[in-house]
Amino acid sequence: MVYLRKINTYNLVNLRRIPMMDENDIYESIEAIKEELDKLNQTQVKIALFGQPGSGKSSLINALIGEEVANVSQETDTTITEDPYKWEDLILTDLPGYGTKNFPAESFFEKFNVLSYDIFICVFSGKFRQEDTEFFRRLQQEGKKCLFVRNSVDSMFEKGKTTEQLKEDVLNDVKKQVGTEVKVYFTSCRTEEGLDDLTKAIYDNLNTVKKIKFSLDAKAYSEDFLETKKKACYKYIYLGSTLAAANGVNPIPLVDISVDLSILTGVFDRIRKSFGLSQQIIEENKPLYNERLLTIANKILKYTTKTAITKLLEKIAKDQLEKQAIKTTLKQIGKRIPLIGQGVSATTSFVVTFAASKSYCNDCAEIATAILKDKLYTGTN
């Protein structure tokens, strides 16, 4: 058997090493790479929201995803069905009321397959409810993680009290209800206050594979989370680039390499969606770009087809061959990545494919960062 070992891959622009995966990750064959990518592609992150009617669960779902998937205007006083919203592989569900006439406690867990969810979020905007307390205690007994969110914090007001005093009252009320001190995340979907802390809390309570998927699909509210998202993309890029090089069904003109362009096009599309960069978003934000960022934004929009990606691979391969960068990189990694016995051509395809994907990822991250910084600076939503 020919072995394929994980390495630190090199940036072909300056041959600077980048951290990509845990040093203990080892893939014994291309089949193992494919299984890992399949596992990643098939993994879903399931989050259930429960709590008071009108507490803003639909708004919170939209905020976590970064898209208007839940119709806020139709949020009624009583949720009577399980209401899931899917964005890529992130699924958020507004659960009906626990222990109600329509959904009694004794059948609730089985009816809604409650234990299949990874994280639960209790959302409230007024006094904490007894029904939510009972549901939380059931979840606690089952070993499930529950986060508490006091939503609409921007509208908290009581004459004679500061916001901090009101928050302290909320913490005391929750502690009284659940019988223990718990962290409460104070959020506002209008001002985006607290959403970054909530996103990070969800991330911290997921396993390794689901951390990657959540990073790819959740909206970033800070530069730190954008960096986390970029690292998740690197993992996805590594696996996709390896398979694209191994399949090698599409010859790249003028250079002696071939890749599977369908796989690579999918990788580029996944990266772009991960950073929330639809054509509309990129176009809408063009006024804030300087000349260099405008060039990058246009590149992101350009590389959406197989033809454009083929030209990109051709350019990278030719440029780096002239600089001897690929030969240098092959010497550094060749003994550790004999790409399933397919020789220098396949390994070169991997190096070029990874470089193209990583460059595209970095471009997307830079534009997403510029958009985020502008929003934080101007205070716009």
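Start by selecting lysine 176, which sits in helix α5 (residues 163–178). The model on screen is predicted. Is lysine 176 buried or exposed? It counts as exposed because its relative accessible area is 71%, and the cut-off for exposed is over 50%.

Now zoom out to the whole protein. Colour by secondary structure to see 14 helices and 10 strands. Of the 381 residues, 50% are buried. The accessible area comes to about 18,400 Å², with 47% of it belonging to carbon and sulfur atoms. Then show contacts. Among those between residues at least 6 apart in sequence, 68% join residues at least 24 apart.

Next stop: the largest pocket. Its space amounts to about 840 Å³. Which residues are closest to its centre? Select Gly66, Glu67, Lys219, Tyr221 and Lys375. They belong to a lining of 33 residues.

Colour that lining by residue class. It divides into 16 nonpolar, 8 polar and 9 charged residues.

Now show the helices around the pocket. At least two lining residues come from each of α2 (57–65), α8 (223–247), α9 (261–274), α10 (279–284) and α14 (343–378).

Finish by colouring the domains. Domain 1 covers 30–41 + 220–379, and domain 2 covers 44–209. Each of these domains gives at least three residues to the lining of the largest pocket.

Technical notes
Residues numbered from 1 in each chain as written. Predicted model: local features only at pLDDT ≥ 70, side-chain atom pairs only at ≥ 80, totals over all residues. Heavy atoms only, no water. 1 Å grid on protein atoms, 1.4 Å probe; cavity = no way out; pocket = protein on both sides within 12 Å on 5 of 7 lines; lining within 4 Å. Points joined across faces, edges and corners; volume = space filled by probe spheres on them. Helix = DSSP H or I, 4+ residues; strand = E, 2+ residues; numbered from the N terminus. Nonpolar A, V, L, I, M, F, W, Y, C, P; charged D, E, K, R; others polar. Domains from an automatic or database assignment. Buried < 20%, exposed > 50% of the residue type's maximum accessible area, 1.4 Å probe, protein only. Contact = heavy atoms within 4.5 Å. Areas by Shrake-Rupley, 256 points an atom, 1.4 Å probe, with all protein chains shown as cover.
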